Number of protein chains: 4
Amino acid sequence: MKKYSVAILGATGMVGQHYIKMLYNHPWFKVTALTGKESVGKKYVEAVRGEAPAPPKEIAEMEVLPTDPKKVDADFVFSCLPTEAARESEPLFAKAGIPVFSDAAAYRMEEDVPLIVPEINPDHLNLVKQQRKNRGWDGYIVTTPNCTTVGLVLPLHPLHINFGIKRVIVTTMQAVSGAGYPGVASLSIMGNIIPYISGEEKKVETETAKIFGRLHDNHLHYDDVEVFATCTRVPTLDGHMESIYVETEKKITPETVTQALEEYVSVPQELNLPTAPSKPIIVRKEPDRPQTRIDVDAGSVPGMAVTVGRIRVEDNRARFISLSHNLIRGAAGGTILTAELAHHMGLLEE
Amino acid sequence: MKKYSVAILGATGMVGQHYIKMLYNHPWFKVTALTGKESVGKKYVEAVRGEAPAPPKEIAEMEVLPTDPKKVDADFVFSCLPTEAARESEPLFAKAGIPVFSDAAAYRMEEDVPLIVPEINPDHLNLVKQQRKNRGWDGYIVTTPNCTTVGLVLPLHPLHINFGIKRVIVTTMQAVSGAGYPGVASLSIMGNIIPYISGEEKKVETETAKIFGRLHDNHLHYDDVEVFATCTRVPTLDGHMESIYVETEKKITPETVTQALEEYVSVPQELNLPTAPSKPIIVRKEPDRPQTRIDVDAGSVPGMAVTVGRIRVEDNRARFISLSHNLIRGAAGGTILTAELAHHMGLLEE
Amino acid sequence: MKKYSVAILGATGMVGQHYIKMLYNHPWFKVTALTGKESVGKKYVEAVRGEAPAPPKEIAEMEVLPTDPKKVDADFVFSCLPTEAARESEPLFAKAGIPVFSDAAAYRMEEDVPLIVPEINPDHLNLVKQQRKNRGWDGYIVTTPNCTTVGLVLPLHPLHINFGIKRVIVTTMQAVSGAGYPGVASLSIMGNIIPYISGEEKKVETETAKIFGRLHDNHLHYDDVEVFATCTRVPTLDGHMESIYVETEKKITPETVTQALEEYVSVPQELNLPTAPSKPIIVRKEPDRPQTRIDVDAGSVPGMAVTVGRIRVEDNRARFISLSHNLIRGAAGGTILTAELAHHMGLLEE
Amino acid sequence: MKKYSVAILGATGMVGQHYIKMLYNHPWFKVTALTGKESVGKKYVEAVRGEAPAPPKEIAEMEVLPTDPKKVDADFVFSCLPTEAARESEPLFAKAGIPVFSDAAAYRMEEDVPLIVPEINPDHLNLVKQQRKNRGWDGYIVTTPNCTTVGLVLPLHPLHINFGIKRVIVTTMQAVSGAGYPGVASLSIMGNIIPYISGEEKKVETETAKIFGRLHDNHLHYDDVEVFATCTRVPTLDGHMESIYVETEKKITPETVTQALEEYVSVPQELNLPTAPSKPIIVRKEPDRPQTRIDVDAGSVPGMAVTVGRIRVEDNRARFISLSHNLIRGAAGGTILTAELAHHMGLLEE
């Protein structure tokens, strides 16, 4: 099989570096272009901060291009642009007939833009037909959620299917890499907790309802799950921990909750997609797990599984801890998996 | 006024050092004895780790005594003993006619032992009469809650009074000093979150119901507030942050919740007790406060006020963040304030 | 005595906040103006980050002014401007007849600009006469050293006087506050050491030779001490630690070195200047001191003493550890002490 | 080739876990026994803290044995016992005819015990013949240095060979994992530097002289290099950074120093030993490298290369930074490489 040529829009940031790492030796996709802003014209290796492991040689030597569909030759693109840049540039690619798979926030909540977690709502990808019709585009935009939403909805999904979730109260403890580079000042966060991340709680609350929604007659009907989120920044490097409380419609026990989480597999696992972890949710039985630093890279594809632990149940209320890698499952990896799904559904061929 | 002579049981630990600091120059109490275990016979300054600011000279030179009422000459004692040591020693002092004010967990949940937060349930101190009768003691034991409970119940109290609290879901982010010294290994917590503290969640849940209980006919009737707690350890030094969600019986708005918290004063403020902060709750309006490192010492008596921020209200649900100093308001300071209250109520004179 | 009116140039940064704190209730100086750049026209309290303790009310309400001698009414100014801004603005004040006391790097190494550590080279202040003549200024510029230089030269001074220092090899471990706000990204420094601070080693090496120099015929003759510095950034908040090795001309023993350090007092102590610590150097005898977090605020004026420990001597080689507060003794406090000295020498009256 | 059966003495600690990881799939050695103390009789997986990645299944299920040559069946053993336990147990194995490769400190400085860094002094292994004769043992003890010594002597070696080193002044910044588990309390080290590690400086100074010594007539003649070490503990997890200053006999330039370090290979590389990194020293040219968190796992065998950077030269003085993995090159990996060398020299066959 000839590989798809892929460009990464906004490739010089932290998520961009994870795309490059995860796409290296990818069986279907090959990175052929990288775009940036201030660094246009530089070699990629000079455009990124030298702190991550050095990129492979052929990537390191690539010239950073402007984020412009006329300058970028690719079958489709991954976008990890900042919100405002995404708002401006992503439609230009879609209009030019180039599918965009984006973890940027700009178009996530648009009515005709799918917001995908491949295990949860693969069928929402079909929204792109409506999107093309609405907008007269040859290409399309597919989005993936905020990193914090991902770590919430993945463990909620099997519970929602099995027991019906009515209400969720969640407090997050998010790593500094979630704010990008330079992001959070060391003076602000060392030995400290900042209980606020601008805009984050609203994203978690609304994205969850959209992801759990039902596609009907080319329209997405939001789920009526209630989510109350409190998002905090903590002095960890990678990995978002979430303390989750749910109220279910059906009766639950610790055993049925554990079983639902442990046995959960979905379309990406059934299709054996290259970036799909064999188990999207790993349940730890030790009393003090998951822990951010220890469990962040969990999964048969490292960083693609969400780790769940401390399951406690009273009546129809469950509490548990979730941990997910914000840059992998919550960004680059989740979006790559979405594109793999799109390929399987024939959406890359058109 | 002649000062009461006071002994500190278990004085060599971190809470003990805070007792000494807070009692230095206290208008009513004077430290005259310090007890320990392995360090008996040493000078106090050699028994404590040298990391805290050096104690005042007359304290530094005191000999550490065994925790034995026959060896300790004091009008009453403060106990910050480990649980098992408290279980054994505190009754010996009470029996010997020496009142014990303890932040140890051993007797907190006994039926005839008051569990006091001076602003919330000062009247519970009257339980000591029943306790003395039950147990035939000349002295008595008065306890104060777990540090995490304190940071929860103080901001809940004005809401409970004004709006009736039905249910509380709380996730805590607790500093390492809460585990004492040496406590948490640096290898375990640096750049990490551990979402588990043994026994802590049960303490928070049951102590809250007792503190909010009503004393009737010398019996304590627990409040029926439901508390669901998740306790985590984070890499901060001092100060427990709590992300709190409450459901109230009466209608609330952000304004009424803020007002109830800001205007809250109680008996210790009215009596102008020496260790009472002028405002037990400080409400911050900035979007990103309280923060652990910045707000931990809040209050007109440093560390005695709880800081609340990020108040959000929907229908009869409120979310907010609380921050309290676990070693001061949550331990030494809270217990000193309790003894001051006991003095006012004549309970030290008998 | 009528207080001098004082402006702080570049007042909204971290050093500026320390000036304000240290000058509050100062017996001789009164802050009457604050300058900034982007924040001109705002209230001071809105111009600074809210992380530090709130400034006193009359300071909080001051309007931030442009850094322009025509807009600022003051008897003299303290400057904590960034280097380039200092290069441009400080001469304008000096020319306008307003003495400038600066911890900025811009003019430190100019031939006719004194670089002062009040205990070491108070006589160098006399260079301002030559400076005024050279430049035709009514005012003048007096500078204080880089924060890392201060923590080195203070403990070196008594050794230099007593034993003659030939060569110094120093490795520093510098706190993140030394880089200002936002300064070092949390992603860069958490759990990490960065063994490089741009330009810092050269500053330490050349400033030391100037500070130890001799003023002769209005010319400064540099000392010929050799300094080899390696500067690293470490994940601490405040306080620069330095591991120092010196080779002396005269014979030394642990006792003579300790005595020279402990007995060291100089002009500021003799004059009892308001910001002078009673002992500029505190020697700790414990094997594991000084420690950054514990000893950073040492001194009768907190943060103004340098703490020295781990003194080891072989032949004419001594090793020891120094710790100093980079924002206080190394910046705001050191410069205030310099202005106090200037007042005593009559240099503020003219 | 039949693999040697290997026991790990003191296998439940942090270094033990690294032995297991590095020996898994080793071409020559196979772990067949694990010993411990409090955990004797438990499964290995229950004896170690669950924080490291889980050991492979067949190791996880092994029963922890007592550290007793009668209970342990192995061709040779690796020892990572605490010093006192090593002093007692290692000779029992040697006497029982079982070679001991140890990173414990107990016998490092004994006259007839080799102290090996395979690249530097492979010939010192021949000392075991004298040792066996002296002690009447069928087996023998071979030791490897303190982790901090390793990170110093490896980059010094090519400079010593090429330019002659007279004097070394070194300040170390050592990670908390060097103190084992639980080791350093989080309260002691978070946001702090502790400039003292008991006994460490003496080890670095004396071990260096032994490692650089010459074996002559079965006697080891120490090198006369002078080393002045200052060892500090910093809040990093893994990786010891060292700030090194050397005075050489011959003239040096930045280029000749860099070349000597970059071109350095030795016996393990020539023999292509399984655990030998292709380059024992990696030189970084960026101004701000090596960094602890980024470079700790450097090397073609991860963690086996020492990274050097910030090379600065004046006259015959060089300064540079070294970074090495204290648990891999400085412990488990260095000792495994030593046993591989012993195998090549026929010392395992006898």
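**Exercise 1. Find the bridge partner of Thr172(B) in S11(B) of this predicted model, then work out how S11(B) sits among its neighbours.**

*Step 1.* Start at Thr172(B): its bridge partner in S11(B) is Glu242(B).

*Step 2.* Now widen the view to the strands. Strand S7 (residues 165-174) of chain B is joined to S11(B) by eight bridges, and the two run antiparallel.

*Step 3.* Turn to strand S14 (residues 317-324) of chain B. S14(B) also pairs with S11(B) in the antiparallel sense, over eight bridges. One pair to look for is His240(B), whose bridge partner in S14(B) is Ser324(B).

*Step 4.* Is S11(B) enclosed or open? Strand S11 (residues 240-248) of chain B has eight buried residues out of nine, so the rest of the structure largely encloses it.

**Exercise 2. Work out which rotation superposes chain A on chain C, and what kind of axis relates them.**

*Step 1.* Chain A is superposed on chain C by a rotation of 180 degrees, with a shift of 0.0 Å along the axis and an RMSD of 0.0 Å.

*Step 2.* Such a relation is that of a two-fold axis.

*Step 3.* To locate the axis from chain A, look for Ser186(A): its C-alpha is the nearest one in that chain, 1.9 Å from the axis.

*Step 4.* Both copies use the same surface, as 100% of the contact residues of chain A recur in chain C.

**Exercise 3. Describe the side of chain A that touches chain C.**

*Step 1.* Count the contacts: 15 residues of chain A meet 15 residues of chain C.

*Step 2.* Sort the residues on chain A's side: 10 are nonpolar, four polar and one charged.

Technical notes. Residues numbered from 1 in each chain as written. Chains lettered and ligands numbered in written order. Predicted model: local features only at pLDDT ≥ 70, side-chain atom pairs only at ≥ 80, totals over all residues. Contact = placed C-beta atoms within 7 Å. Nonpolar A, V, L, I, M, F, W, Y, C, P; charged D, E, K, R; others polar. Buried ≥ 20, exposed ≤ 12 C-beta atoms within 10 Å, placed from the backbone. Helix = DSSP H or I, 4+ residues; strand = E, 2+ residues; numbered from the N terminus. Pairing = 2+ DSSP bridges. Least-squares fit on C-alpha atoms with pLDDT ≥ 70 in both.
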